[in-house]
Structures are given as structure tokens and as C-alpha cells.
Amino acid sequence: MRIIFPLLLLTASLWSPVVFAHSEQSASVPAHGAQLAAPPEMIEIRFDDAMRIISVALTSASGDEYSVESLSGRAATETLQVNPPELPAGDYIFEWRGIARDGHAMSGELSFSVQE
């Protein structure tokens, strides 16, 4: 028992980073909170591990919804890319939802402004 218990503790400590690791958003273009002189030609979010994107949405501050789709579809990807339509000046929120490789549901958002 004196040998088994320390081995169990060691095994648990080695596995814990893997068990508790989740994919995270590592960067975006435009950057969160960016004020753009012109509408973005592409919205891009990078993850530190592959993510299966299940939904994306682009909404103006006034509640107008714009149709967008992930260019990778629902395939696991480390880079979410969306071609937004031509956007008028205003404030926008881009939201995404996905499933990380470890099976956890993930979501995030990115806000940006287009100047006149």
C-alpha cells in the first residue's frame, strides 16, 4: 500500500493537465474592441487546438442579424474564418459556439466597430 498510493498520486498528477485542458481562443482579426475604418473582409478567430464550430452569428448593436457561415463548415479547425457581407458603419458582435476536441462546449464573442 505504501508503494501503490504514491504511484496513484503521481499518475493522477500527470493526467490532470490533459483532463482539464480546454481549447481556447488565442487571437482574432479584427481584434476584440477594434475600431475599423472600413468593414472587415474576413473575420478570423484562431484557437490553440482544433474546434468543431457548430454556430456563428453576426449582429449589429441595433439587433440586425447578418448571414454568415464558417468557411470550414462543421469540420474541426484551428482557425474559424467567416466572410461577412458589406457592413454599414456601426457596432457589431460576432459570436461563435463549438465543441472542443475534449468534448466540452465552448463559446466566445468578438465585438468591433466600423467607422463612417
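Phe112 has a relative accessible area of 2% and is therefore buried. In this predicted model, the ring of Phe112 pairs with that of Tyr92: the centres are 5.6 Å apart and the planes meet at 25 degrees, so the pair counts as stacked.

Tyr92 has a second ring partner. Tyr66 and Tyr92 form an edge-to-face pair, at 5.8 Å centre to centre and with 65 degrees between the planes. This pair too links distant parts of the chain: Tyr66 sits in strand β4 (residues 65-66) and Tyr92 in strand β6, 26 residues apart. Tyr66 is buried, as is Tyr92. Through these ring pairs, Tyr66, Tyr92 and Phe112 are linked into a cluster. The aromatic pairs in the model number 3.

Phe112 also has a place in the largest nonpolar core. This core has 22 residues, and those with the most contacts inside it are Leu58, Leu80, Phe94, Trp96 and Phe112. Two or more residues each come from β2 (34-36), β3 (43-60), β5 (76-82), β6 (90-100) and β7 (105-114). Strand β3 gives the largest share, 7 residues. Leu80 shows how such a core residue is surrounded. Setting aside residues up to four places away in sequence, Leu80 touches Ile43, Glu44, Ile45, Phe47, Ile53, Val56, Ser70, Phe94 and Trp96. Of these partners, Phe94 and Trp96 are themselves among the core residues with the most contacts.

The relative accessibility of Ser113 is 13%, and the limit for buried is under 20%, so Ser113 counts as buried. Beyond its neighbours within four places in sequence, Ser113 is in contact with Ala34, Gln35, Leu36, Gly90 and Asp91.

The loop between β3 and β4 contains Asp64. The C-alpha atoms of Asp64 and Tyr92 are 9.3 Å apart, although the two residues are separated by 28 residues in sequence. Asp64 touches Leu58 and Thr59, not counting residues up to four places away in sequence. Leu58 is one of the core residues with the most contacts. The side chain of Asp64 also makes a polar contact of 3.3 Å with the side chain of Ser62.

These details belong to a chain with 1 helix and 7 strands. Along the sequence, the elements follow the pattern α-β-β-β-β-β-β-β. Among contacts between residues at least 6 apart in sequence, 60% join residues at least 24 apart. Of the 116 residues, 31% count as buried. The chain exposes about 7,500 Å², and carbon and sulfur atoms supply 56% of that area.

The average pLDDT is 85, and 80% of the residues score at least 70. Over residues 15-20 pLDDT stays under 50, and the model has 0 contacts beyond four places in sequence for that stretch.

Technical notes: Residues numbered from 1 in each chain as written. Heavy atoms only, no water. Core = buried A, V, L, I, M, F, W, Y, C linked by side-chain atoms within 4.5 Å. Buried < 20%, exposed > 50% of the residue type's maximum accessible area, 1.4 Å probe, protein only. Helix = DSSP H or I, 4+ residues; strand = E, 2+ residues; numbered from the N terminus. Contact = heavy atoms within 4.5 Å. Phe/Tyr/Trp six-rings, centres within 6.5 Å; stacked < 30°, edge-to-face > 60°. Polar contact = N/O pair within 3.5 Å; in protein donor to acceptor, adjacent residues only side chain to side chain. pLDDT = per-residue confidence, 0-100. Areas by Shrake-Rupley, 256 points an atom, 1.4 Å probe, with all protein chains shown as cover.
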